[in-house]
Structure formats: C-alpha cells, structure tokens
Amino acid sequence: MEYSRKDKTIILNRELSKLDEFVLKFCKNLKDYVVVSGYISIIFGRSRATEDVDLLVRLKDKKEFFDIWNKLKTAEFECINTSSPDEAFEMLQEFAIRFSEKGKPIPNMEFKTIKTREGEYSFENKITLQLGNSSIFISPIEMQIAYKLMLGKNGNRKDIEDAKHLYELFKDKINNKELNNLIDRLNVSEEFEMIK
Amino acid sequence: MKYKPDLEKIRKGQTEEEKNFIERLEFIKFWANYVKTHPDEEWSRQQNIVINSQIESSSQNL
C-alpha cells in the first residue's frame with residue numbers, strides 16, 4: 001500500500017473481493033461522488049462483512065440523476081426501492097435509495113446526496129484510491145476515523161472498531177493535526193481516547 | 001507473528017462485555033499491524049474469505 005498525502009492518492013495492490021468488484025463496477029458509471037463509511041475500513045483490511053456500501057453524490061439537477069439512472073440500468077444495476085426514476089429522484093431528496101446488481105439485493109449501494117457538513121467535507125477533500133487498473137474516490141482517512149467515532153457514540157462498537165482499524169493502519173501517515181480538529185469538531189475526544 | 005494482547009488493559013474492563021470489547025480492540029491493533037507489514041495480496045486473500053463467503057451465502061439464502 002502506498003499513500004501520498006500530497007497527491008491525495010492511495011495505491012492498493014489487494015486481491016479484489018466480490019464486494020470490491022461490485023463497487024468498482026458501480027462507480028464506473030459516476031463522475032462526482034465519494035465512497036464513505038464502513039467500506040473504507042473494509043477495503044483497507046478490516047475483517048468484517050457488510051451488506052451495503054455508502055456513497056454520496058452531488059447532483060446538479062434531475063437530468064443528471066436520470067443520466068446516471070440510465071447508465072446504471074445499461075450496466076445491469078437496478079434500484080431496489082422503485083423502478084420509476086421519477087419516484088427515485090423524489091425519494092432521494094429526503095432519503096437514501098439503494099442500487100444492486102439485477103436480482104441480487106446483496107451487496108447494494110446506499111446512494112445519497114450530500115446533506116451534512118461531514119459529507120461536504122468528505123466530498124471536497126476526497127482522495128483517489130487506485131485498485132489495479134481502476135480507481136475510486138473515497139473519503140479522507142482523517143474524516144473517516146472521526147466520523148466512525150461519532151457513530152460509535154451511540155454505543156455501536158462496530159463503528160469504534162472500524163475507527164480503530166483505520167487509526168492503527170494510518171496513524172503515521174495521516175495529518176494528525178487535521179484529525180484532532182475533526183475530533184474536536186465532532187466532539188469525540190472521549191471515543192478517540194479508547195482507540196489510541 | 002504472535003498475538004500478544006495487553007492483558008493489563010483488558011483487566012481494566014468493568015464487565016465481561018467491556019473486557020471482551022477491549023480484547024477485540026487489541027486484536028484489531030494486531031491485525032492492522034499485520035496488514036501494514038505484509039503484502040496487500042497476502043492479507044487481502046485472507047480477508048476475502050470472510051467477505052466473499054458472506055456475499056455467497058446471502059445470494060444462496062434469497
């Protein structure tokens with residue numbers, strides 16, 4: 001694994017899992033997006049299973065969404081909430097919608113628009129993860145650690161464990177000043193102490 | 001590479017559940033160190049056993 005903070009790039013030479021193949025195939029159809037949350041820990045080795053991958057998009061308008069919808073349909077993906085793109089777009093204004101490969105609800109992509117400061121930060125500071133001949137955009141590691149600790153505040157230990165994995169793996173490479181800023185901003189100092 | 005958790009740290013847990021959680025964090029530290037010190041192909045091959053089997057069993061159960 002090679003991480004260049006300056007170039008905002010990570011090169012990973014991992015053997016692809018079925019989940020990685022699903023994510024790469026899906027993301028080929030998108031331009032402006034960032035993959036966030038649990039999958040970021042998994043792609044870097046966290047040994048746990050998951051049913052879904054979280055992805056944030058920034059959409060200009062309905063037409064852009066319809067273009068993505070058509071591309072995904074051509075690539076044999078389907079929305080598991082509805083077969084109507086109009087209805088899907090309406091849902092997306094308030095909720096996440098999910099896409100999977102046709103007839104295979106697991107794994108699926110939880111497709112959301114950006115609605116929070118943390119989502120905005122992840123999108124604006126996204127990094128490129130190169131996997132073999134393909135690449136995807138992922139959330140910066142500093143935000144992933146802080147965000148997972150925030151989710152862990154509700155007692156969800158899986159999230160604290162995800163944060164611990166990323167912190168142990170990247171603590172010598174990430175921007176620790178920025179991590180501390182995010183820890184303060186998300187008010188997760190207590191949780192951070194648990195994983196240090 | 002041996003897994004040697006910090007037993008003193010684990011003993012500080014107030015309940016069995018808490019001790020178990022601390023031990024899990026110790027294992028995650030061990031595994032992250034394994035990932036750091038081994039080629040990507042090697043650790044990912046092991047990890048894929050967990051990931052792929054879940055996806056395969058989910059498909060079979062539908």
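Biologist: How many of the 14 residues of α7(A) are buried?
Modeller: A residue counts as buried if 20 or more other C-beta atoms lie within 10 Å of its own, as exposed if 12 or fewer do, and as partly exposed in between, with C-beta atoms placed from the backbone. Among the buried residues of α7(A) are A:Asp159, A:Ile160, A:His165, A:Tyr167 and A:Phe170. The helix is largely enclosed by the rest of the structure, because the number of its residues that are buried is twelve.

Biologist: What pLDDT do local features need in this predicted model?
Modeller: Residues are numbered from 1 along each chain as its sequence is written, while chains are lettered from A and ligands from 1 onwards in the order in which they are written. The model is predicted, and side-chain atom pairs count only at pLDDT 80 or more, totals for chains, interfaces and linings use all residues, and local features need a pLDDT of at least 70.

Biologist: How far apart are the end C-alpha atoms of helix α7 of chain A?
Modeller: Helices (H or I, at least four residues) and strands (E, at least two) are DSSP runs, numbered from the N terminus. The expected span of a helix is 1.5 Å times one less than its number of residues. For the 14 residues of α7(A), residues 157-170, this gives 20 Å, and it agrees with the distance between the end C-alpha atoms, which is 20 Å.

Biologist: Which element of chain B do the buried residues of α7(A) pack against?
Modeller: Two residues are in contact if their C-beta atoms, placed from the backbone, lie within 7 Å. Within chain A, the buried residues of α7(A) pack against α2 (38-43), α6 (141-152) and α9 (189-195), and from chain B they pack against α2.

Biologist: Which element gives the largest share of the side of chain B that touches chain A?
Modeller: The contact takes 23 residues from chain A and 25 residues from chain B. On the side of chain B that touches chain A, α2 (16-37) and α3 (40-61) each supply at least two residues. The largest share of that side, 14 residues, comes from α3(B).

Biologist: How many residues of the side of chain B that touches chain A are nonpolar?
Modeller: Ala, Val, Leu, Ile, Met, Phe, Trp, Tyr, Cys and Pro count as nonpolar, Asp, Glu, Lys and Arg as charged, and the others, Gly among them, as polar. By this division, the side of chain B that touches chain A has six charged residues and eight polar ones, and its count of nonpolar residues is eleven.

Biologist: What is the radius of gyration of chain B?
Modeller: Chain B has three helices and zero strands, and its C-alpha trace spans about 40 × 30 × 15 Å along the principal axes. The radius of gyration is taken over C-alpha atoms, and the globule rule is 2.2 Å times the number of residues to the power 0.38. For 62 residues that rule gives 11 Å, so chain B is more spread out than a compact globule, with a radius of gyration of 16 Å.

Biologist: Which element of chain B has the lowest mean pLDDT?
Modeller: The pLDDT is the predictor's confidence in each residue, from 0 to 100. Chain B has a mean pLDDT of 93, and 98% of its residues reach 70 or more. Among its elements the highest mean, 96, belongs to α2(B), and the lowest, 90, to α3(B).

Biologist: Which residue of chain B is in contact with A:Pro107?
Modeller: A cis peptide bond, with omega at about 0°, joins A:Ile106 and A:Pro107, and A:Pro107 lies in strand β7 (residues 104-113) of chain A. Leaving aside neighbours within four places in sequence, its contacts include A:Leu19, A:Phe22, A:Val53 and B:Ile55.

Biologist: Which residue of β7(A) does A:Leu55 stand opposite?
Modeller: Two strands pair if DSSP finds at least two bridges between them. Six bridges join β4(A) to β7(A), and these strands run parallel. In β7(A), the residue opposite A:Leu55 is A:Phe111.

Biologist: Is A:Ser37 buried or exposed?
Modeller: A:Ser37 lies in the loop between β3 (33-36) and α2 of chain A, and it has a positive phi of about 70° although it is not a glycine. With 22 C-beta neighbours inside 10 Å, A:Ser37 counts as buried.
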